[in-house]
Amino acid sequence: MFALRHHILIGLFMALALVAPTQASEAEELRKYVDTNTQRLVDKLNEERGLYERDPEAFYKSMDEALTDFVDFRRIAARVMGRYARQTTPEQRDAFVVKFKRSLFDSYAQALVNAENFEIQVKEATINPQSDDRASVQMEVISASGNRYPVTYSMYKTAEGKWLMENVIVEGVNIGLAFRDRFGQEMEENRGQIQAVIDGWSDAVESLNLDQEVNKS
């Protein structure tokens, strides 16, 4: 199976295409904007293939610079912590954001090592009819063997009118919820010691079997 982590981290890169277009309220314009930028982003992804092995810190810096302004890592991390976020200090929340990003970048790098050729087709964008500051973009990742994997990106629009990604759904699996469930499990296993969960988050992500979750869906 085309590595699920590959889909997820491609998703982070694809979020670069979700910066607010001139008329973000128009779904077709948003779809075209995403589609236009897809090939540029895939090219960048391919350029980064060897960087992680040569210089991991340079890879992390590149990912952070490329994605921080387009993916709301702090918002996602807070949702992953869920109700436990109230137990943390500001310093712990900051530390978890750093850990969370690093774990995703590590997963991205590992996926690139064994990645096969692929293409991405943007299908449609939908503005939430109840809230014009929420939208989703549906697309497909198509592997070299022809397998198709549906992916949906959830976005919200900031007060400044910028679209940021806040979640991703891969083949029906809500990745944000999967991470939140894992955080809760880690809290139970560590008897509520939230610092221990933060310190061990990279290992927790490594052991999270998202492929199995997809197979069950």
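**Salt bridges, ring pairs and core of a predicted model**

The model is predicted: local features need pLDDT of at least 70, and side-chain atom pairs count only at pLDDT 80 or more, while totals for chains, interfaces and linings use all residues. Residues are numbered from 1 along each chain as its sequence is written, and side-chain values use heavy atoms, with hydrogens and water left out.

Which residue forms a salt bridge with Glu166? The partner is Arg134, and the closest N and O atoms are 3.6 Å apart. A salt bridge here is a side-chain nitrogen of Lys or Arg within 4 Å of a carboxyl oxygen of Asp or Glu. This pair links distant parts of the chain, since Glu166 belongs to strand 4 (residues 163-170) and Arg134 to strand 2 (residues 134-143), 32 residues apart. Strands (E, at least two residues) and helices (H or I, at least four) are DSSP runs, numbered from the N terminus.

Arg134 also forms a salt bridge with Asp133, again with 3.6 Å between the closest N and O atoms. Arg134 has a relative accessible area of 25%, so it is partly exposed, and Asp133, at 26%, also counts as partly exposed.

The whole structure contains 10 salt bridges. Another of them joins Arg148 to Glu140, with the closest N and O atoms 2.8 Å apart. Here Arg148 is partly exposed at 45% relative accessibility, whereas Glu140 counts as buried at 19%. Through shared partners, salt bridges join Arg75, Arg79, Asp133, Arg134 and Glu166 into one network.

Arg75, a member of that network, has a further arrangement to show. Its charged end sits over the ring of Tyr156, 3.8 Å from the ring centre. The rule for this is that NZ of Lys or CZ of Arg lies within 6 Å of the ring centre and within 35 degrees of the ring normal.

I return to strand 2, where Ser136 is found. With a relative accessible area of 18%, Ser136 is buried. Its side chain makes a polar contact of 3.0 Å with the side chain of Gln138. A polar contact is a pair of N or O atoms within 3.5 Å; within protein, one must be able to donate a hydrogen and the other to accept it, and residues adjacent in sequence count only if both atoms are side-chain atoms. Leaving aside neighbours within four places in sequence, Ser136 is in contact (heavy atoms within 4.5 Å) with Glu124, Ala125, Thr126, Thr152, Tyr153 and Met155.

I turn next to the aromatic rings. Rings of Phe, Tyr and Trp (its six-membered ring) pair if their centres lie within 6.5 Å; planes under 30 degrees apart count as stacked, over 60 as edge-to-face and the rest as tilted. The count by this rule is nine aromatic pairs. In one of them, the ring centres of Phe96 and Phe183 are 5.3 Å apart and the planes stand at 80°, so the pair is edge-to-face. Phe96 lies in helix 6 (residues 90-113) and Phe183 in helix 7 (residues 175-189), which places these linked parts of the chain 87 residues apart. Both Phe96 and Phe183 are buried.

Phe96 forms another edge-to-face pair with Trp201, at 5.3 Å centre to centre and 70° between the planes. Because Phe96 is in helix 6 and Trp201 in helix 9 (residues 201-207), this pair ties together parts that are 105 residues apart in sequence. Phe96 and Trp201 are both buried. Ring pairs link Tyr84, Phe96, Phe100, Phe179, Phe183 and Trp201 into a cluster.

Which residues touch the most other members of the largest nonpolar core? Of its 48 residues, they are Phe73, Val80, Phe96, Phe100, Phe179, Phe183 and Trp201. A nonpolar core is a set of buried Ala, Val, Leu, Ile, Met, Phe, Trp, Tyr and Cys residues joined through side-chain atoms within 4.5 Å. Not counting residues up to four places away in sequence, Trp201 touches Val80, Phe96, Lys99, Phe100, Ser103, Phe179, Arg182 and Phe183.

Finally, two loop residues deserve attention. Glu171, in the loop between strand 4 and strand 5 (173-174), has phi near 50°, a positive value in a residue other than glycine. Glu171 is partly exposed, at 22% relative accessible area. Arg191 lies in the loop between helix 7 and helix 8 (194-199), and its phi is near 55°, again positive in a residue other than glycine. Arg191 counts as exposed, at 77% relative accessibility.

Technical notes
Buried < 20%, exposed > 50% of the residue type's maximum accessible area, 1.4 Å probe, protein only.
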